[in-house]
Amino acid sequence: MAREYAFLMVDYDTPEIIKDIHDKLSDDEIYTEKDEDYGIERETHVTLVPCLDNDVDLDELKDMLEPLDKYKLMLNNISMFTNNEKYDVLKCDASSFILKNTNKKITDKFPTHSEYKEYNPHVTIAYLKKDIGDKYTKEILSPLVVLKPKRFHFSYVDKDGNEKETFFK
């Protein structure tokens with residue numbers, strides 16, 4: 001099933017701390033749903049702006065971005081989003097002023113349709129069954145984990161309903 005909206009993301013290499021958690025997760029812990037994108041998140045990224053209109057002008061978006069190397073981020077902790085009835089989202093919270101500033105600049109200019117109004121940059125690790133992920137959470141990551149960006153990633157649905165992706169630096 002095609003997504004309804006476009007997403008602008010920044011891709012990163014997967015750090016060892018996330019690879020280690022992926023290796024520890026058992027099939028009994030992972031939430032999956034047929035024909036849906038759940039389970040382990042194998043492509044490490046931070047969504048810069050979610051739920052844009054699919055026909056948003058990509059060139060205008062690109063003009064609002066800083067140079068890619070400025071999108072370094074620091075992973076703070078491992079926590080969960082628990083506000084879904086079916087699953088919990090295991091994630092690393094990400095600190096980056098440039099992510100927040102760019103998100104605000106874009107969302108001030110372009111409409112978005114996310115049900116979440118506050119921007120919380122994070123790296124999704126996995127979708128887990130309800131109430132079993134606490135053993136993976138950590139309040140402070142030590143040593144600090146800093147991620148360097150690889151590329152920008154724009155995912156959208158074309159007018160024929162096909163999911164498309166564009167990568168750029």
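Visitor: Where is the place of E43?
Guide: E43 is in the loop between α1 (16–24) and β2 (45–52). Helices (H or I, at least four residues) and strands (E, at least two) are DSSP runs, numbered from the N terminus. This is a predicted model: local features need pLDDT of at least 70, side-chain atom pairs count only at pLDDT 80 or more, and totals for chains, interfaces and linings use all residues. Residues are numbered from 1 along each chain as its sequence is written, and side-chain values use heavy atoms, with hydrogens and water left out.

Visitor: Let's do sheets. What is the strand order in the open sheet with β1?
Guide: The order is β2-β1-β7-β8, four strands with antiparallel pairing. Two strands pair if DSSP finds at least two bridges between them.

Visitor: Which strands sit at its edges?
Guide: β2 and β8 (163–168), and each pairs on one side only. The twist averages 20° from one strand to the next. For such angles, axes are lines fitted to C-alpha atoms, for helices over the stretch in contact, and angles run from 0 to 180 degrees between N-to-C directions.

Visitor: How many bridges do β1 and β7 share?
Guide: They pair over 6 bridges, in the antiparallel sense. Y12 has P149 in β7 as its bridge partner.

Visitor: And what is the order in the sheet with β5?
Guide: That open sheet of 4 strands runs β5-β4-β3-β6, with antiparallel pairing. β5 (122–129) and β6 (145–147) are at the edges with a single partner strand each, so one side of each has no neighbour in the sheet. Here the twist averages 35° from one strand to the next.

Visitor: What joins β3 to β4?
Guide: 6 bridges, between residues 73–81 and residues 87–95, running antiparallel. M74 has S95 in β4 as its bridge partner.

Visitor: New topic. How many salt bridges are there?
Guide: The count is 11. The rule is a side-chain nitrogen of Lys or Arg within 4 Å of a carboxyl oxygen of Asp or Glu. One of them is D13 with K150, the closest N and O atoms being 3.6 Å apart.

Visitor: Why does that pair tie together separate parts of the sequence?
Guide: Because D13 lies in the loop between β1 (6–12) and α1, while K150 is in strand β7 (residues 149–157), so the tied parts are 137 residues apart in sequence.

Visitor: What is phi of C51?
Guide: Near 55°, a positive value in a residue other than glycine. C51 is in strand β2. Most residues other than glycine have a negative phi, and most peptide bonds are trans.
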